[in-house]
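These are my notes from going through one model, element by element. I wrote down what I looked up and what I found.

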Amino acid sequence: MLLSVRDLTVRFRTHDGTVHAVNGVSFDLEEGETLGLVGESGSGKSVTNLAVMRLLPQPAGHIERGTVLFEELDLTNAPEASMRDLRGREIAMIFQDPMTSLNPVLTIEEQMVETIQAHRRVTAADARVRAIQLLGMVGIAEPASRLRNYPHQFSGGMRQRVMIAIALALEPKLLIADEPTTALDVTIQAQVLELLQRLTAERGTAVILITHDLGVVAGMTGRINVMYAGYIVEAATTPELFAKPRHPYTVGLLHSIPRLDAGSDEALIPIEGVPPDLRLAPVGCPFAPRCAWRTVQCWTENPALNPVEPGGSVRTTGPEATHRIACWNPPTADEATAGAPLRPGFEPAPPPAGSPQATGPYVLPVAPGNAEVRSEEGAESAMPGSHGFPESPGSGSGR
Ligand SMILES: Nc1ncnc2c1ncn2[C@@H]1O[C@H](COP(=O)(O)OP(=O)(O)OP(=O)(O)O)[C@@H](O)[C@H]1O
Ligand code: SF4
Ligand SMILES: [Mg+2]
């Protein structure tokens, strides 16, 4: 196993209290696998991966519990010197905004040569040759002369290509790409993603791809973890997740994206309400205030991530990975298609009297089958940037 994360729990100490950013997340990754991490803003995608890299914002962020085994080495307590050696060489990360990770006062050459020489015993001249090769590989024309440029002399798309070149320079075993194309316009996004996919597939690099965009993960990943409020709420292979989503939040996500094959009059169903305030310790299922399937139990007991089909052994990786959800009352296949409970007389359970959920700034979800009902507060869908266009959900190629 390349990466094995168990019970990862991350907190931020702030003036306003403790932020429960990541709440006992566990997942595995084999060599060469591609894993998508999706979920709306603030669900803990970046923090999970910053914790894996031990790059949590300091001093507020800390790993409270859990283990992160990278090839058997526990990164949660490895010496800082080992972590420095590992970052870049074994695990590379492409950050959301390339401008924040490229140094504006150094040329591309200085940054690439420095990265290569920090981890490989090569002369500056050889590192420069490698840098030229890499820039050429990511499609930068006249790479030898472009090496002398500063980051601001590149367009956004080219900077992102440079970031990919730097990330792949050392042929890491794991690449974590955090929203690698959000800053780019749509036409360039597709090119950069195609490039990322081709280069990592050629080298057998394992990839964790973080995105809001289900269209992107559909085409680029073999498996998907859906995150909500610092929890993994659904884990499945990509084709299974698109064909048979079983968690109400995933069902909501899939209903909130435009589909090319949908009729023009088919309404999108936004996910009502807002995510919970992570400064409050979680009580019950974190999705309950927004869930049309919730029962009384959901308000007080938080479900664990368990196989959809009980029994048998659980596989956490590969194309046969077990489909798992954290849900007490999952939608049936028909309900998932409809996007609402279809059981006659079913009403989502109201919050228990006197509970914070009953009095807090929560938005109760729509009544079953009545998607137009909007609440006064937070009526906008809290799902940002759902601009994915998966041509045919279920066509996720994976690797
Ligand atoms: N430096 C910090 N101090 C306090 N809280 C933080 C800090 N960084 C992140 N958080 C909190 O941790 C939670 C998870 O944040 P994270 O950045 O992982 O979300 P995300 O899923 O990556 O969202 P996005 O899609 O917007 O990038 C959020 O509630 C966020 O406010
Ligand atoms: S049915 Fe219950 S457990 Fe499942 S997502 Fe809804 S609130 Fe959570
Ligand atoms: Mg993020």
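In which sense do E3 and E8 pair, and over how many bridges? I found that E3 and E8 run parallel, with 5 bridges between them. I note at the outset that this is a predicted model.

**Entry: strand E3**

Thr34 stands opposite Val207 in E8. I then checked for another partner and found strand E9 (residues 223-228), which is joined to E3 by 4 bridges and runs parallel to it. In E9, Arg223 is the bridge partner of Leu35.

Of the 5 residues of E3, 5 are buried. In a regular strand the side chains alternate between the two faces of the sheet.

**Entry: helix H8**

I tested the length of H8 (residues 186-203). With 18 residues at 1.5 Å a residue, H8 should span 26 Å, and its end C-alpha atoms are 26 Å apart, which agrees.

Which residues of H8 are buried? I listed Gln189, Val192, Leu193, Leu196 and Thr200. These cover an arc of only 100 degrees around the axis, which puts them on the same side of H8.

I then looked at what the buried residues of H8 pack against, and found helix H7 (156-169), strand E7 (174-178), strand E8 (206-211) and helix H9 (214-220). The face of H8 turned away from the buried side carries the exposed residues Thr187, Glu194, Arg198 and Glu202. Just after H8, Gly204 has a positive phi of about 70 degrees.

**Entry: the open sheet**

I traced an open sheet of 4 strands in the order E2-E1-E4-E5, with antiparallel pairing. E2 and strand E5 (73-74) are the edge strands, each pairing on one side only. Strand E4 (residues 61-70) pairs with E5 over 2 bridges in the antiparallel sense. Asp74 in E5 is the bridge partner of Leu69.

**Entry: the two ligands**

I counted 17 residues around ligand 1, the closest being Phe12, Ala21, Ser41, Ser46 and Val47. Strand E1 (3-14), strand E2 (17-29) and helix H1 (45-52) each supply at least two residues of this shell. H1 gives the largest share, 3 residues. By type, the shell around ligand 1 holds 7 nonpolar, 9 polar and 1 charged.

How does the shell around ligand 2 divide by residue type? I got 10 nonpolar, 1 polar and 1 charged. The residues surrounding ligand 2 include Cys285, Cys291, Cys298 and Cys327, and also Trp293, Trp328 and Arg294.

**Entry: Tyr150**

Where does Tyr150 lie? I placed Tyr150 in the loop between helix H6 (143-146) and H7. Tyr150 has 15 other C-beta atoms within 10 Å, so I logged this residue as partly exposed. Leaving aside neighbours within four places in sequence, Tyr150 is in contact with Pro104 and Thr107. I also looked up Glu109, 41 residues away along the chain: its C-alpha atom and that of Tyr150 are separated by 8.7 Å.

Terms used. Residues numbered from 1 in each chain as written. Chains lettered and ligands numbered in written order. Predicted model: local features only at pLDDT ≥ 70, side-chain atom pairs only at ≥ 80, totals over all residues. Expected span 1.5 Å × (residues − 1). Buried ≥ 20, exposed ≤ 12 C-beta atoms within 10 Å, placed from the backbone. Arc of directions from axis to C-beta. Contact = placed C-beta atoms within 7 Å. Near = placed C-beta within 6 Å. Nonpolar A, V, L, I, M, F, W, Y, C, P; charged D, E, K, R; others polar. Pairing = 2+ DSSP bridges.
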